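Walk through this model in two steps. Begin with a loop residue, then turn to a pair of helices.

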Amino acid sequence: MISADEKTSVQARCRCHPTLAPGQARAMRVNHTYGRGGALAYLAAYDVHHARVFGRCEAKTGIDPFMALVSQVMGQEPYASAKRVFWVVDNGSSHRGKKAADRLTAAFPNAVMVHTPVHASWLNQVEIYFSVVQRKVVSPNDFTDLAQVRDRLRAFEDRYNATAQPFQWRFTTSDLDDLLARLDRHTPADRQEESSVALAA
């Protein structure tokens, strides 16, 4: 099972003054002014059972970059000879709808595209990986150019693949009930009745 998506607009921001590492009784200091060094898209496919990431940097997102990522994964074992490989994706324009599912199956007959519900891309486990990338690689976004961004992403990917374990993540119906109850507690009374009626329907 592969969880895939794109992290768009990863920018290279060259700070006007060097970032100062945290010290005793001092937080990290990052200058707020910077020069723009361009942006790229980071596409990743995450094998949820083996905690393995396949990534690539592209100038932009789209059907061709996404299919290049698919080819990168499906061209190697165990995916090439697997009976079925499920690709879990959101409803982004690079892989939206039946056309995208048909395109994937035409290129790789053993690949099956599964879409997350609309507005629920957070259910896709690659988003957890992107959160780690944001905290460990991109922030505080102090790069001299896009080559440095690519190098740091590749180096992190290698280290991640050497050390990572699968996410122990689940979202049960009980979790959903708890979430809806919390939302109802923070919703004004007139809207709470509407949401309860909508849920009952």
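The model is a predicted one.

With that numbering, find Ser94. It lies in the loop that joins β4 (85-89) and α2 (97-107). Is Ser94 buried or exposed? Its relative accessibility is 3%, so Ser94 counts as buried. The cut-off for buried is under 20%.

What does the side chain of Ser94 contact? It makes a polar contact with the side chain of Glu6, at 3.2 Å. It also reaches the backbone nitrogen of Gly62, at 3.3 Å. Leaving aside residues up to four places away in sequence, Ser94 touches Glu6, Thr61, Gly62, Ile63, Phe66 and Arg103.

Now move to the helix pair. Two packed helices are described by the angle between their axes and the distance between the axes. Helix α3 spans residues 126-138, and helix α4 spans residues 146-163. They pack at an angle of about 120 degrees, and their axes are 11 Å apart. That angle makes α3 oblique to α4. The crossing of the two helices is right-handed.

Which residues form this contact? From α3 come Tyr129, Val132, Val133, Lys136 and Val137. They meet Arg152, Leu153, Phe156, Glu157 and Tyr160 of α4. Sorted by class, the contact of α3 with α4 holds seven nonpolar and three charged residues, with no polar ones.

Conventions. Residues numbered from 1 in each chain as written. Predicted model: local features only at pLDDT ≥ 70, side-chain atom pairs only at ≥ 80, totals over all residues. Heavy atoms only, no water. Axes fitted to C-alpha atoms, helices over the stretch in contact; angles between N-to-C directions. Helix = DSSP H or I, 4+ residues; strand = E, 2+ residues; numbered from the N terminus. Parallel < 35°, antiparallel > 145°, perpendicular 65-115°, else oblique. Left-handed = near helix turned anticlockwise from the far one by under 90°. Contact = heavy atoms within 4.5 Å. Nonpolar A, V, L, I, M, F, W, Y, C, P; charged D, E, K, R; others polar. Buried < 20%, exposed > 50% of the residue type's maximum accessible area, 1.4 Å probe, protein only. Polar contact = N/O pair within 3.5 Å; in protein donor to acceptor, adjacent residues only side chain to side chain.
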